[in-house]
Amino acid sequence: MLIKTLTDRLSSADITPQEVYLNRRQFMAGSAGLLLPVSAIAALPATKSPLSTSEKPNSRDDITSYNNYYEFGTGKDEPALYARRLKTRPWTVTVDGEVARARTFDIDSLLKMKLQERIYRLRCVEGWSMVIPWIGFPLADLLKQVQPTSRAKYVAFETALRPGEMPGVARRVLDWPYREGLRIDEAMHPLTILAVGLYGELLPNQNGAPVRLVVPWKYGFKSIKSISRIHLLEKQPLTSWNMAAPNEYGFYSNVNPAVDHPRWSQATERRIGEFFKRKTLPFNGYGEQVAGLYRGMDLRRNF
């Protein structure tokens, strides 16, 4: 597949001009699997966040055409082709486990949260990266509503499992449904968000619609897509890639240029749209904010 170069038609200061998203509404309604009337697909109201990077975002075409989402195929272009089958309405996310008030949230209630624009770096374990203008809200804002108990040490996530809409699950690449997990302090960190949009619009299916996790200091596979359940628990949860290849994918999966994956060097990365590689930063450049979470830990052993 050919990788498109960055464009200058959009900037971080003006995420989606009105005329752009209005002209794209019909396309999104027909091809992205969003079961909304055309009139309902519009810009998401979001405030700017000081936690955003000042780096220039990749183009919308980059972000929506080069994806890992194995439920829709293992090729980078397959999610954009096949994720349109996913019906993102109605959609609910159940939050339960070690909480005082288990709840089920529908997508409309999540869209009513205080949304922010978070322009984050994304680093894939495969050695490529992007800069993405997410729209979302801190995961902590949701978890506080269910009141985690003192026994809640970890947060587990599950992707929806819909074989009729997700052709990739017919291949036993992983043990479906896709599962991920965080320590509770990681989940409650201000940088950790649930994203419901990008470039000012509703999240495209191939990017994890209608709601996905984004943890910018960890490799991209930790940012689980199309979440249907969040479960708080006392013991460390199983995660999909760690179960599939524990010697390759640790539970923490923090971006660490000093610890290579068996198949990919982590010292450098290829920013999509750029020719030359760049050095990878510890914690993907978010070390000042998150390194304290791992003080005293052996990050080679706890990879």
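Select strand β2 (residues 92-97) and strand β11 (residues 227-233): they pair in the parallel sense over 4 bridges. Strands here are DSSP runs of E, at least two residues long, and helices are runs of H or I, at least four long, all numbered from the N terminus. Two strands pair if DSSP finds at least two bridges between them. This is a predicted model, where local features need pLDDT of at least 70 and side-chain atom pairs count only at pLDDT 80 or more, while totals for chains, interfaces and linings use all residues. Residues are numbered from 1 along each chain as its sequence is written, and side-chain values use heavy atoms, without hydrogens and water.

**Around β11**

Click Gly-97. Its bridge partner in β11 is Leu-232. β6 and β11 pair in the antiparallel sense, over 6 bridges. Find Phe-157; Ile-230 of β11 stands opposite.

**Stop at Ala-156**

Stay in strand β6 and select Ala-156. Is Ala-156 buried or exposed? Ala-156 is buried, because its relative accessible area is 13%. (Buried means under 20%, exposed over 50%, partly exposed in between, with a 1.4 Å probe and protein chains only.) Next, show its contacts, meaning heavy atoms within 4.5 Å. Beyond its neighbours within four places in sequence, Ala-156 touches residues including Glu-180, Arg-229, His-231 and Pro-237. Gly-181 is also in contact with Ala-156. The two are 25 residues apart in sequence, yet 4.3 Å apart in space, C-alpha to C-alpha.

**Along helix α5**

Move to helix α5 (residues 139-146). Select Leu-139, Ala-140, Leu-142, Leu-143 and Val-146, which are buried. They lie on the same side of α5, because they cover an arc of only 160° around the axis. That arc is taken from the directions from the helix axis to the C-beta atoms. An α-helix has 3.6 residues a turn, so residues three or four places apart point the same way. Just after α5, look at Gln-147: its phi is positive, about 60°.

**The largest pocket**

Select Asn-68, Tyr-69, Gly-220, Phe-221 and Lys-225. Of the 30 residues lining the largest pocket, these lie nearest its centre. Strand β5 (residues 128-138) gives the largest share of the lining, 4 residues.

**Zoom out**

Show everything. The protein has 8 helices and 13 strands. Of its 303 residues, 56% count as buried. Among contacts between residues at least 6 apart in sequence, 73% join residues at least 24 apart.

Methods:
On a 1 Å grid over the protein atoms alone, a cavity is a set of points where a 1.4 Å probe fits but cannot get out, and a pocket is an open set with protein on both sides within 12 Å along at least five of seven lines; lining residues have an atom within 4 Å of a point.
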